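Let's take a friendly walk through this structure, one contact at a time. Have the sequence and the 3D view ready.

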Amino acid sequence: MPLENKLGLTDEAALARAEEKISKTKALALYDTGLLDTFPVGTFEGLADIHRYLFEDIYSFAGQMRTVNIAKGNFRFAPVMYLAAALESIDRMPQSTFDEIIEKYVEMNVAHPFREGNGRSTRIWLDCILKKELHQVIDWSRVDKSDYLLAMERSPVKDVEIKALLRAALTDRITDRLVYMKGIDASYHYEGYHVFRTEDL
Ligand SMILES: Nc1ncnc2c1ncn2[C@@H]1O[C@H](COP(=O)(O)OP(=O)(O)OP(=O)(O)O)[C@@H](O)[C@H]1O
Ligand SMILES: [Mg+2]
């Protein structure tokens with residue numbers, strides 16, 4: 001059974017399809033309305049704003065901290081018991097250099113604050129920090145899926161791979177709508193969603 005959802009869908013594939021279509025449409029609206037530029041940058045509050053906006057039509061927990069422990073592969077994300085404290089210390093992490101920003105991203109990934117939708121919302125959050133602080137963003141269309149996932153799996157132990165991979169994909173095309181849309185598609189592709197193209201929604 002898939003996660004309980006507001007759409008009343010009980011079929012895994014049907015939910016994945018609906019979730020992709022609805023939340024990608026929201027991701028584009030987030031950009032086009034300029035709402036994304038109004039959210040706090042580099043804090044859990046800002047990430048929760050993004051998550052809520054993307055998933056509010058699908059999940060009742062949109063924008064809210066998870067209440068269950070989760071793991072992926074052999075890795076256990078932050079225990080619920082320590083999650084609030086972890087998020088407070090991540091909020092205070094510096095974000096003035098590329099290395100600091102990626103270190104903050106790695107910690108937010110370890111926190112994994114939501115029940116679902118962490119990867120997709122946190123990559124948008126990361127780009128907001130890079131945009132504000134360095135006037136650059138990641139061109140995710142140039143980041144290979146398996147390279148990315150391997151580097152993220154490795155990142156809690158050693159962050160050199162993810163830093164090198166993302167540094168190589170930095171672009172200063174920060175107001176290019178196409179870079180954003182292709183980025184959303186790549187980000188969703190990492191998580192197994194690739195039925196719709198943001199451009200076509
Ligand atoms: N084994 C791992 N160790 C650490 N981080 C990982 C691991 N596997 C994946 N990640 C990171 O977590 C992100 C999302 O993983 P996961 O699928 O568990 O979260 P999610 O909440 O379902 O996110 P989404 O719904 O956006 O896919 C990945 O994009 C990657 O950045
Ligand atoms: Mg997921």
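## Helices α5 and α8

Is the crossing of α5 and α8 left-handed or right-handed? The crossing is right-handed, the term for a near helix turned clockwise from the far one by less than a right angle (anticlockwise is left-handed). The axes of α5 (residues 118-134) and α8 (residues 177-190) come within 9 Å and cross at roughly 145 degrees. Axes are lines fitted to C-alpha atoms over the stretch in contact, with angles from 0 to 180 degrees between N-to-C directions; helices are DSSP runs (H or I, at least four residues), numbered from the N terminus.

From α5, the contact (heavy atoms within 4.5 Å) uses R120, R123 and I124, and from α8 Y180, I184, S187, Y188 and Y190.

## Around ligand 1

R120 turns up again here: its side chain has an N or O atom 2.7 Å from an oxygen atom of ligand 1. For E116 the corresponding distance to a ligand oxygen atom is 2.4 Å, and an N or O atom in the side chain of N109 is 2.9 Å from a ligand nitrogen atom. The cut-off for such a polar contact is a pair of N or O atoms within 3.5 Å.

## Helices α6 and α7

Helix α6 (residues 145-154) packs against α7 (residues 160-167) at about 145 degrees, the axes 7 Å apart. This crossing is left-handed. D147, Y148, A151, M152 and R154 of α6 meet E161, I162 and L165 of α7.

## About the model

This is a predicted model, where local features need pLDDT of at least 70 and side-chain atom pairs pLDDT 80 or more, while totals for chains, interfaces and linings use all residues. Residues are numbered from 1 along each chain as written, chains are lettered from A and ligands numbered from 1 in written order, and side-chain values use heavy atoms, without hydrogens and water.

Notes: Helix = DSSP H or I, 4+ residues; strand = E, 2+ residues; numbered from the N terminus. Polar contact = N/O pair within 3.5 Å; in protein donor to acceptor, adjacent residues only side chain to side chain.
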